[in-house]
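Q: Could you walk me through reading this structure, one feature at a time?

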Amino acid sequence: MKEKIYGEAMEDKWNYYTTKDGDTWDKISYLLYKNSKFIHYLNLWNEEYSEYFIFPAGIVLKYKQINMKNSNVPPWRR
């Protein structure tokens, strides 16, 4: 059975990532969170860039730190 991983923003402070030529949403998600499944957060926080699949260099994306959770683990063990 695959583990379902989800997260929630840990703080209200924005962090910033400047894209490199050829970056994709999943690659950026993996670089920032060590998990490529958090693309939806990046898209939500950067809607103005949602038309990009492959980024050119120099676009500044905002993101927040995410507290990752595993839904298969009981709450008292998280």
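A: Gladly. Contact means heavy atoms within 4.5 Å. In this chain, residues 24 or more positions apart account for 72% of the contacts with a separation of 6 or more. The model is predicted, so to speak of local features pLDDT must be at least 70, side-chain atom pairs count only at pLDDT 80 or more, and totals for chains, interfaces and linings use all residues. Residues are numbered from 1 along each chain as its sequence is written, and side-chain values use heavy atoms, with hydrogens and water left out.

Q: Which pattern does the chain follow along the sequence?
A: Helices (H or I, at least four residues) and strands (E, at least two) are DSSP runs, numbered from the N terminus. Here there are 2 helices and 4 strands, in the pattern β-β-α-α-β-β.

Q: What percentage of the residues count as buried?
A: Buried means under 20% relative accessible area, exposed over 50%, and partly exposed in between (1.4 Å probe, protein chains only). Of the 78 residues, 29% count as buried.

Q: How many salt bridges are there?
A: Side chains of opposite charge can pair when their charged atoms come close. The rule asks for a side-chain nitrogen of Lys or Arg within 4 Å of a carboxyl oxygen of Asp or Glu. By this rule the count is 1 salt bridge: Lys27 pairs with Asp23, their closest N and O atoms being 3.3 Å apart.

Q: Is Asp23 buried or exposed?
A: Asp23 is buried, because its relative accessible area is 0%. Lys27 has 41% relative accessibility, so Lys27 counts as partly exposed.
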